[in-house]
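Welcome! Please look over the structure before you start.

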Amino acid sequence: MNKNRLEAFSDGVLAIIITIMVLELKVPEGALFSDLLGLFPVFLSYVLSFIYVGIYWNNHHHLLHSATRVNGKILWANLHLLFWLSLIPASTAWMGEHNFAKATVTVYGLVLFMSAIAFVILQTTIICLDGEKSFLAEAVGKDSKGKWSQTLYLLAIVISFFYQWISLAIYLIVALMWLIPDSRIEKKILESGKSKH
């Protein structure tokens with residue numbers, strides 16, 4: 001399969017995920033600024049999830065750009081990632097509508113953690129196909145950033161049973177870690193571009 005087709009399908013799914021999330025934002029019943037305060041938790045959870053989906057969209061683009069070909073394993077690994085990302089709207093809505101209750105923050109963290117695991121599986125599957133000396137393998141290296149993210153998610157999930165606001169702060173920290181598209185891959189793309197001239 002042409003990897004462009006895979007990327008187009010994934011882009012479509014991510015666009016639908018964002019659309020579902022924005023549809024969860026309800027119009028206030030009143031016409032006063034004070035009526036907006038009741039929507040603040042829902043809006044805050046939407047903003048955090050929008051950032052996360054944007055991060056995955058950016059890094060997924062870089063991941064597929066570095067791949068030279070696509071096989072059946074990559075297709076399934078990609079679907080696995082999209083499955084966990086598709087749960088973000090439901091977990092976002094639940095968390096926002098219940099004022100960041102502990103259980104909702106825990107489930108949100110589980111979705112983020114499994115999405116991160118799924119991304120690593122897709123990344124590893126691409127490396128397995130292209131080889132250990134491939135463009136992506138060299139760019140990712142030991143993937144310490146990815147491992148730190150997974151560790152922080154697990155820590156936040158455990159903490160959410162007691163102090164959900166600390167967990168939310170950790171989710172935000174991880175998002176900030178990944179806000180800039182994966183510089184490791186971008187650096188390799190720039191280096192390969194220079195070497196061709």
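Cys128 is exposed, with a relative accessible area of 57%, because exposed means over 50%, buried under 20%, and partly exposed in between (1.4 Å probe, protein chains only). This is a predicted model, where local features need pLDDT of at least 70, side-chain atom pairs count only at pLDDT 80 or more, and totals for chains, interfaces and linings use all residues. Residues are numbered from 1 along each chain as its sequence is written, and side-chain values use heavy atoms, leaving out hydrogens and water.

**Exercise 1. Place Cys128 in the fold.**

Step one: find its helix, α5, which covers residues 102–130. Helices here are DSSP runs (H or I, at least four residues), numbered from the N terminus.
Step two: look across to Gln164, 36 residues apart from Cys128 along the chain. The C-alpha atoms of the two are separated by 38 Å.

**Exercise 2. Is Gln150 buried or exposed, and which residues is Gln150 in contact with?**

Step one: go to helix α7 (residues 144–159), where Gln150 has its place.
Step two: check the relative accessible area of Gln150, which is 17%, so this residue is buried.
Step three: leave aside neighbours within four places in sequence; Gln150 is then in contact with Phe113, Ala116, Ile117 and Val120. Contact means heavy atoms within 4.5 Å.

**Exercise 3. Describe the largest pocket.**

Step one: settle the term. A pocket is an open set of points on a 1 Å grid over the protein atoms alone, with protein on both sides within 12 Å along at least five of seven lines; a 1.4 Å probe fits in a cavity but cannot get out, and lining residues have an atom within 4 Å of a point.
Step two: note the volume, about 160 Å³. Volume is the space filled by probe spheres set on the points, with grid points joined across faces, edges and corners.
Step three: trace the lining, which includes Leu44, Met95, Phe100 and Trp165. Helix α2 gives the largest share, five residues.
Step four: sort the lining residues into nine nonpolar, one polar and no charged. Ala, Val, Leu, Ile, Met, Phe, Trp, Tyr, Cys and Pro count as nonpolar, Asp, Glu, Lys and Arg as charged, and the others, Gly among them, as polar.

**Exercise 4. What is the volume of the second largest cavity, and which residues line it?**

Step one: the second largest cavity has a volume of about 60 Å³.
Step two: its lining has Met21, Glu24, Leu25, Val42, Ser45, Tyr46, Pro89, Thr92 and Ala93.

Notes: Helices (H or I, at least four residues) and strands (E, at least two) are DSSP runs, numbered from the N terminus.
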